[in-house]
Amino acid sequence: PHRHPFLLVDRIVEYDPESDTYRLPPEHAACLTRAASPNNVAVTTQWVGVLGTAEDAVVEAFRHGRGVPYSAYPRFHTVMAEESRQTVVDGLLNHILPLSRGLIDSLGAGIDALDIACGSGGAILALAEMFPQSRFTGVDMSAEAIAAGRAEIAARDLRNVTLVQADAAELWLEDTYHLITAFDAIHDQARPARVLERVHAALRPGGVFLMQDIGGHTRLADNTNHVLGPFGYTISCMHCMSVSLAAGGPGLGAMWGREKALEMLGAAGFTNVRVAELAHDPINYYYVAGKTS
């Protein structure tokens, strides 16, 4: 007999009452499973649970103004790593690295590279595997994230990558790296202007700073028609702005915007900055900044 499945959960999962079975249709699985990366929206929806645990603390922070620390967000680094894997790691070779002409060839030949606020090292470990002739370092303040990344390095037996627990604002390095990356990280920093200054100083002349950050404008009025504006401001209020304030930072937030980002890159010493958008990542801008001297 012909069956008429009853659709549950906003028509995402099919339920057949005759056989008492559930089914996830292939066309729905195409955007709700890890195999669907980079189109897996289920990754992004995990933020509802992560940010929801800090709701009371964020509400209270509106009264005292001191923000909410990272410790109030269980599973943050786990979910962030999965989000990064989808938008950054899976797109590195085909989309992100080609933004800087000749970069893939340079990495293949062997250069020194640094990733700022690397988390558990998803991006930098992927680069280390792709380009065994190059040398990679990842820096992050989280002991938890660095420990997870080091365990992964050991599991993969990678010999050309090192993870360091440190504040990027305290990097006292001059003319050291050919490439520095920062993926969705600068706006969270307690001292973002200082971090950008240290990035410029740590680059060798002719080096490249590749920065991914949330796409949008600095003025709220310019984001009223932004299709992902409500999402960006929600993430900003519930996490990005709050963790920066809790660390004594300016609380730029995720929606600090293109104009502010370019202003701060210029103040840090970058005079040649290009902003790109990539089809596989509708949430972010990619800033490609070269050090001329």
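This report describes the strand pairing, helix packing, aromatic pairs and selected backbone angles of a predicted model.

The model is predicted, so local features need pLDDT of at least 70 and side-chain atom pairs count only at pLDDT 80 or more, while totals for chains, interfaces and linings use all residues. Residues are numbered from 1 along each chain as its sequence is written, and side-chain values use heavy atoms, with hydrogens and water left out.

**Sheet and hairpin**

Helices (H or I, at least four residues) and strands (E, at least two) are DSSP runs, numbered from the N terminus. Two strands count as paired if DSSP finds at least two bridges between them. In general, strands of a sheet pair through backbone hydrogen bonds, either parallel or antiparallel.

An open sheet is formed by seven strands in the order S6-S5-S4-S7-S8-S10-S9, with mixed pairing. At its edges are S6 (161-165) and S9 (272-278), each of which pairs on one side only. On average, neighbouring strands of this sheet are turned by 20° against each other, direction ignored. Within the sheet order, S4 (residues 112-116) and S7 (residues 177-183) run parallel and are joined by four bridges. Ile116 has Ala182 in S7 as its bridge partner.

Helix H11 (residues 257-267) lies across S8 (203-214), S9 and S10 (281-290), and runs at about 20° to S10. Contact means heavy atoms within 4.5 Å. Axes are lines fitted to C-alpha atoms, for helices over the stretch in contact, and angles run from 0 to 180 degrees between N-to-C directions.

Strands S2 (residues 13-16) and S3 (residues 21-23) run antiparallel and are joined by three bridges. Tyr15 stands opposite Tyr22 in S3. The two strands form a hairpin with four residues between them, and Asp20 in the turn has a positive phi of about 55°.

**Positive phi in loops**

Ala117 is not a glycine, yet has a positive phi of about 50°. This residue is found in the loop between S4 and helix H7 (122-130). Asp184, also not a glycine, has a positive phi of about 55° and is placed in the loop between S7 and helix H9 (192-202). Buried means under 20% relative accessible area, exposed over 50%, and partly exposed in between (1.4 Å probe, protein chains only). Ala117 is partly exposed at 25%, whereas Asp184 counts as buried at 19%.

**Packing of H2 and H10**

Helix H2 (residues 41-52) packs against helix H10 (residues 229-246) at an angle of about 30°, with the axes 11 Å apart. Thr44, Trp47 and Leu51 of H2 make the contact with Phe231, Ile235, Met238 and His239 of H10.

**Aromatic pairs**

Rings of Phe, Tyr and Trp (its six-membered ring) pair if their centres lie within 6.5 Å; planes under 30 degrees apart count as stacked, over 60 as edge-to-face and the rest as tilted. The count by this rule is five aromatic pairs, including the two below.

| Pair | Centre to centre | Angle between planes | Class |
|---|---|---|---|
| Tyr70 and Phe76 | 5.4 Å | 65° | edge-to-face |
| Tyr285 and Tyr287 | 6.3 Å | 85° | edge-to-face |

Tyr70 is partly exposed, with a relative accessible area of 35%, whereas Phe76 is buried at 7%. Tyr285 is buried at 10%, and Tyr287 is buried at 1%. One aromatic cluster consists of Trp47, Tyr70 and Phe76; Trp47 is also one of the H2 residues in the contact with H10.
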